[in-house]
Amino acid sequence: MRTADLVTASVLLVVGGVIIFDAVRLGIGWGIEGPMSGFFPFWLAVILVACCAGVLAQTLRGDATRPFVTRQRLRPVLAMLGPAVGFVLLTTGVTVFEIPLFPALGLYVAAAVYLAFSMRWLGDHAWPAVAALALGLPVVTFLIFERWFLVPMPKGPLEGWLGF
Amino acid sequence: MGVENLFHGFQIAVTPFNLFIATLGILLGTIIGVLPGLGGANGVAILLPLTFTMPPTSAIILLTSIYWGALFGGAITSVLFNIPGEPWSVATTFDGYPLARQGEGGPALTAAFTSSFVGAFFSIVLITFFAPVLAEIALKFGPPEFFAIQLLTFSSFVGLGGGNPLKSLISILLGFLMASVGLDIVTGQLRLTFGITDLMKGFDFIVAVIGLFGIGEILLSLEEGLRFHGVRARINLKVVLDTWRILPNYTRTFIRGSLIGFWMGFKPGGATPASFMSYAFAKRFSKHPERFGKGELEGVVAPEVAAHAAGVAAMLPMITLGIPGSPTAAVMLGGLIIWGLQPGPMLFKENPDFVWGLIASMYTSNIIGVLVVLAFVPFFAAILRVPFAILTPVIVVVCAIGAYAVSSRPIDIWYMLLFGVIGYVFKKLDYPIAPLVLALVLGDLSENALRQSLIMSQGSLAVFVTRPIAGVITAAAIFFLLMPVLTPWWRRLRGHPSAPAAGPRH
């Protein structure tokens with residue numbers, strides 16, 4: 001708990017410092033149209049830095065008792081976060097320096113894979129149920145958003161192949 | 001005059017399309033309220049992009065109905081599953097869950113829904129009469145007054161929020177700073193982007209809300225090893241009518257709770273303390289306080305009345321001053337701006353159809369709401385019996401859809417995940433999230449109010465003190481801001497031992 005508190009406050013302190021730096025570049029004084037662009041962020045960041053310093057001081061004075069999270073309790077969190085990151089990866093693909101490392105499959109295909117993975121390996125559901133839901137839900141979602149509300153979602157090669 | 005306007009509003013709210021929209025909103029909202037990780041604020045945020053093409057009045061009816069539905073849904077999880085869906089439902093679990101375990105779930109839910117309805121109705125009536133008056137006063141406000149009100153809004157989070165005041169302040173500052181990332185519309189300069197093109201459009205508050213509240217909440221509930229031990233409740237017409245026959249015995253609690261709720265509710269963050277206060281009062285004035293906590297129907301009535309009265313009252317400052325009283329109201333305020341409406345007192349002059357349609361729809365939607373939830377309780381409760389391995393991916397996908405729909409940028413889905421992790425860490429470390437969201441939504445409005453005030457005064461901060469209305473509001477804001485410092489002194493002066501600082505929840 002204490003370490004996490006210290007790390008968070010320190011990170012925010014650095015963020016505040018970076019913002020002050022950029023605000024000074026933009027100008028924190030009085031320009032032609034009144035206060036310059038950096039004026040508002042500058043003072044906010046100054047107070048932010050002061051508050052973070054205050055939290056740091058408070059935390060250092062307090063005593064370290066409970067851990068932020070135990071390893072045992074962290075497991076379900078990571079078990080959820082991992083597949084979720086995988087889902088977003090499949091949806092958007094990965095491009096590093098303009099080089100596509102991994103193609104974007106689109107939201108619907110990614111959702112199907114994600115749901116199937118979660119149901120089968122985290123939930124131990126039977127294959128027929130997995131297949132029905134993992135195929136059915138994305139199709140329903142597709143109909144609702146692309147057809148009914150006309151809100152386009154990220155699409156990949158499969159949708160293109162099917163002619164959408 | 002007010003009655004005529006209201007009548008006009010009903011002509012807008014009671015069209016088949018708007019009634020259909022309201023029913024749809026209530027159904028979706030209740031589902032959202034029941035689902036873990038989806039509350040009023042991010043439910044509204046996810047559906048906001050779908051309303052961009054709707055007429056603004058129908059859009060706000062949909063979003064407010066989702067909000068009412070989510071408020072009703074919170075009661076279902078509290079009573080049947082002992083899980084408060086929202087912080088202001090915590091007090092409902094005290095007596096609601098014991099009642100459900102004793103087989104009295106039906107009456108408990110009926111009492112909860114009816115109380116919610118009564119509390120909401122009370123606040124709506126007050127809004128109908130107060131809103132035009134408040135808007136009339138607010139029309140005289142200039143930028144300094146608006147900035148002072150915003151200052152008051154945020155300092156009340158610091159002073160009355162109950163957590164660590166420094167951390168509350170940090171949350172607020174972060175929200176404002178995130179709002180200022182991107183293009184500065186006044187000078188045309190890019191701010192805080194550090195040459196990264198993805199930062200040019202800034203952080204969208206919808207994406208932030210979905211991540212902070214949605215993903216963050218799921219992570220937290222998974223870590224806490226949440227298991228749903230639901231109690232089944234039978235609810236039918238006979239149970240409802242029998243409960244309604246008992247409820248008039250609690251008239252005093254209804255009135256007290258409504259007043260507390262309304263009074264606390266139009267200030268930010270007021271619903272949660274209102275529900276606890278109402279519960280405490282009901283217990284103190286009860287003839288048998290020893291029954292509270294073991295399954296007393298009045299213990300369900302009291303917090304629900306107050307929470308709903310407060311939830312509705314949060315709309316009052318939103319439509320009259322352009323200041324949201326709750327995170328959900330903040331998201332709706334963002335919606336107003338996107339639909340091209342200027343939130344604040346001018347709404348009453350320039351868009352009377354919108355305002356009065358909205359106020360009238362509060363009546364119709366809450367009536368629809370109480371009927372829908374009473375009729376479909378088993379269906380809503382069944383949602384929570386869906387296994388986590390299915391529920392979690394579905395919620396994540398729905399959140400991703402909402403985040404992407406805002407501006408069709410894949411990077412927003414990543415931001416959503418990032419905000420989810422930030423939300424999880426912040427909740428664990430007791431950094432409040434609601435003020436961050438409010439600041440993110442209000443950022444540009446506050447900065448413009450500050451700039452215009454300073455231009456009026458040619459750079460002197462005295463403008464916030466010398467104008468009479470702004471001066472009074474600023475003084476109140478400073479008082480709230482200093483309250484965490486003053487309270488220990490005051491205690492010592494009066495000879496009380498200083499109270500121990502509120503510890504973190506975990």
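## Domains and salt bridges in a predicted model

The C-alpha centres of domain 1 and domain 2 of chain A lie 38 Å apart. Domain 1 covers residues 2-61 of chain A and domain 2 covers residues 72-161, with bounds that come from an automatic or database domain assignment.

Before going further, a word on how to read the model. This is a predicted model, in which local features need pLDDT of at least 70 and side-chain atom pairs count only at pLDDT 80 or more, while totals for chains, interfaces and linings use all residues. Residues are numbered from 1 along each chain as its sequence is written, chains are lettered from A and ligands numbered from 1 in the order in which they are written, and side-chain values use heavy atoms, leaving out hydrogens and water.

Now let us turn to the salt bridges. A salt bridge here is a side-chain nitrogen of Lys or Arg within 4 Å of a carboxyl oxygen of Asp or Glu. By this rule there are 15 salt bridges over all chains.

Start in chain A, where Asp22(A) and Arg25(A) form a salt bridge with an N to O distance of 3.0 Å. Both residues belong to helix H1 (residues 2-26) of chain A, and because they are three residues apart there, about one helical turn separates them. Helices (H or I, at least four residues) and strands (E, at least two) are DSSP runs, numbered from the N terminus. Buried means under 20% relative accessible area and exposed over 50%, with partly exposed in between (1.4 Å probe, protein chains only).

Next, move to chain B. Lys428(B) and Glu223(B) make a salt bridge whose closest N and O atoms are 3.0 Å apart. Lys428(B) sits in helix H18 (residues 411-428) and Glu223(B) in helix H8 (residues 205-223) of chain B, so this pair ties together parts that are 205 residues apart in sequence. Lys428(B) is buried, at 3% relative accessibility, and Glu223(B) is buried at 4%.

Salt bridges that share partners also join Asp184(B), Arg191(B), Glu447(B) and Arg451(B) into one network. Within chain B, Glu447(B) pairs with Arg191(B), their closest N and O atoms being 2.8 Å apart. Glu447(B) lies in helix H19 (residues 434-456) and Arg191(B) in strand S2 (residues 190-191), so the pair links parts that are 256 residues apart in sequence. Glu447(B) is buried with a relative accessible area of 4%, and Arg191(B) is buried with 2%.
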